[in-house]
Amino acid sequence: MAAIQEEAADVLTIGNTDAGLHFVAFLRDGIDDHDVAIRAASLGVFPSALSNCYMGPGVRPGLIIGFGGSDEPVLRSAICTLASLIRNLE
């Protein structure tokens with residue numbers, strides 16, 4: 001959570017953090033979360049598109065970010081990579 005607040009608060013908004021081994025980070029409207037997830041995977045970061053979890057209208061773009069099994073430096077690096085990628089899409 002600290003890495004997002006320090007490195008990516010301008011492009012990611014943290015959702016509920018009570019999920020256990022993952023959390024949701026919302027994107028700004030108009031950013032395609034599928035596109036972000038695909039581009040991130042090509043950079044070695046593997047979030048899931050939140051829009052895959054919606055069944056009806058009102059889809060809010062975001063990413064599901066898992067953090068189980070990764071240490072803090074790896075997670076911080078991944079958040080920095082995601083933030084840079086998203087900034088380049090805006």
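Student: Which residues are buried in helix 2 (residues 33-42)?

Tutor: In this predicted model, Asp33, Val36, Ala37 and Ala40 of helix 2 are buried, where buried means under 20% relative accessible area, exposed over 50% and partly exposed in between, with a 1.4 Å probe and protein chains only. Helices (H or I, at least four residues) and strands (E, at least two) are DSSP runs, numbered from the N terminus.

Student: Where do those buried residues fall, seen down the axis of helix 2?

Tutor: They fall within an arc of 95°, so they line one face of the helix; the arc is that of the directions from the helix axis to the C-beta atoms. On the other side of helix 2, Ile38 and Ser42 are exposed.

Student: And what covers the buried residues of helix 2?

Tutor: The cover includes strand 3, strand 4 and helix 3, with contact meaning heavy atoms within 4.5 Å.

Student: Before we go on, how are residues numbered?

Tutor: They are numbered from 1 along each chain as its sequence is written, and side-chain values use heavy atoms, with hydrogens and water left out. As this is a predicted model, local features need pLDDT of at least 70 and side-chain atom pairs count only at pLDDT 80 or more, while totals for chains, interfaces and linings use all residues.

Student: OK, the sheet now: in what order do the strands come?

Tutor: Four strands form an open sheet in the order 1-2-4-3, with antiparallel pairing; two strands pair if DSSP finds at least two bridges between them. The edge strands, each pairing on one side only, are strand 1 (13-14) and strand 3.

Student: How many bridges join strand 2 to strand 4?

Tutor: Five bridges join strand 2 (residues 22-26) to strand 4, and phenylalanine 23 stands opposite isoleucine 65 there. Strand 3 (residues 48-49) pairs with strand 4 over two bridges, with leucine 63 as the bridge partner of alanine 49.

Student: Is strand 4 mostly covered or mostly open?

Tutor: Strand 4 (residues 62-66) is mostly covered, as four of its five residues are buried.

Student: Switching topic, which residues line the largest pocket?

Tutor: Among them are Met1, Phe23, Ile65 and Arg76. On a 1 Å grid over the protein atoms alone, a pocket is an open set of points where a 1.4 Å probe fits, with protein on both sides within 12 Å along at least five of seven lines, and lining residues have an atom within 4 Å of a point.

Student: Which element gives the largest share of that lining?

Tutor: Helix 3 does, with four residues.
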